[in-house]
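Try each one before reading its solution.

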Amino acid sequence: MWNYDKKLQYPINIKNTNPKLAQFIISQYGGPDGELAASLRYLSQRYSMPFEIARAALNDIGTEELAHLEMIGTIVHQLTKNLTPEQVKAQGFGPYYVDHGLGVYPQSAAGTPFTAAALQVKGDLIADLNENLAAEQKARATYENILKLADDPDVIEPIKFLRAREIVHYQRFGEVLRKAEEMINHKKKYGIGLKDC
Amino acid sequence: MNRDKQCALNELMQLDFRLKDLHLYLDTHPTDQRAIDEFNKTASKAKLMRENFEKLYYPLTVNDKENNTCPWQWVKSPWPWENNENGGMK
């Protein structure tokens, strides 16, 4: 289960609305390499992980992704708060506004609703860990694309924080993968696996 | 949000972030005694900071509170996605 903490993982206080930028950033909410996909990917894969550190890393990184989902939702919300119809029209926010008003809907920047087709749960240690390494790199690249399009320091700072977390998660998944390969090689060589480590 | 409150919350956020980062590191390095010592030290600082913030301002979690008064404070305090109080938009 989860406990809710009434604070963000990193502070976000955006002073100026910018619905155009919100439409780009919403991809990290419900897009193919976004935080919702990340959390569901890891939290679903954890059940079939066959050793201790893999279960822990997937559970705990998946949990941190939920905090990142909240940060992205907060950025989108603060960038689109109290818009006037003129601002909606002038900044190309009309199509989104017609379907979702000023609510935060999980979709990609191109408007595709969130789909679990963007993630995979293979029930296979090596396949799943490699999927996750790629997922962290894709999320990192997405944040870098967003940083190229953003010019508001109130937005840039939290996005830089999130980008850095992708790199840390990539590192942790790499450590789990190396351990998994070590165990598999040990099993091949001696006919037994290390039960738990 | 007033300045003292924001500072206190930011300080707690920093400590909790340090804990989260050490937590993930320890998941893949469970025998690193130095990191465990660092986690323990940071956790006791964060606990004090959290208790202090909650005493002065508002509850950050619900289940560990046993002296709740009426009205239910949880619905009264700001949510993290709101920025009205601290110089954001109206």
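Helices (H or I, at least four residues) and strands (E, at least two) are DSSP runs, numbered from the N terminus. This is a predicted model, where local features need pLDDT of at least 70, side-chain atom pairs count only at pLDDT 80 or more, and totals for chains, interfaces and linings use all residues. Residues are numbered from 1 along each chain as its sequence is written, while chains are lettered from A and ligands numbered from 1 in the order in which they are written.

**Exercise 1.** Find where Asn82(A) lies, and decide whether Asn82(A) is buried or exposed.

Solution. Start with the place: Asn82(A) sits in the loop between H4 and helix H5 (85-90) of chain A. Next, the backbone: Asn82(A) is not a glycine, yet has a positive phi of about 50°. Last, apply the cut-offs: a residue is buried with 20 or more other C-beta atoms within 10 Å of its own, exposed with 12 or fewer, and partly exposed in between, C-beta atoms being placed from the backbone. Asn82(A) has 9 within 10 Å, so Asn82(A) is exposed.

**Exercise 2.** Check the span of helix H8 (residues 153-190) of chain A.

Solution. The expected span is 1.5 Å times one less than the number of residues. For the 38 residues of H8(A), that gives 56 Å, and the end C-alpha atoms are 56 Å apart, which agrees. Just after H8(A), Gly191(A) takes a positive phi of about 80°.

**Exercise 3.** Which peptide bond is cis?

Solution. Look at Cys70(B) to Pro71(B): this bond is cis, with omega near 0°. Pro71(B) belongs to the segment after helix H2 (33-56) of chain B.
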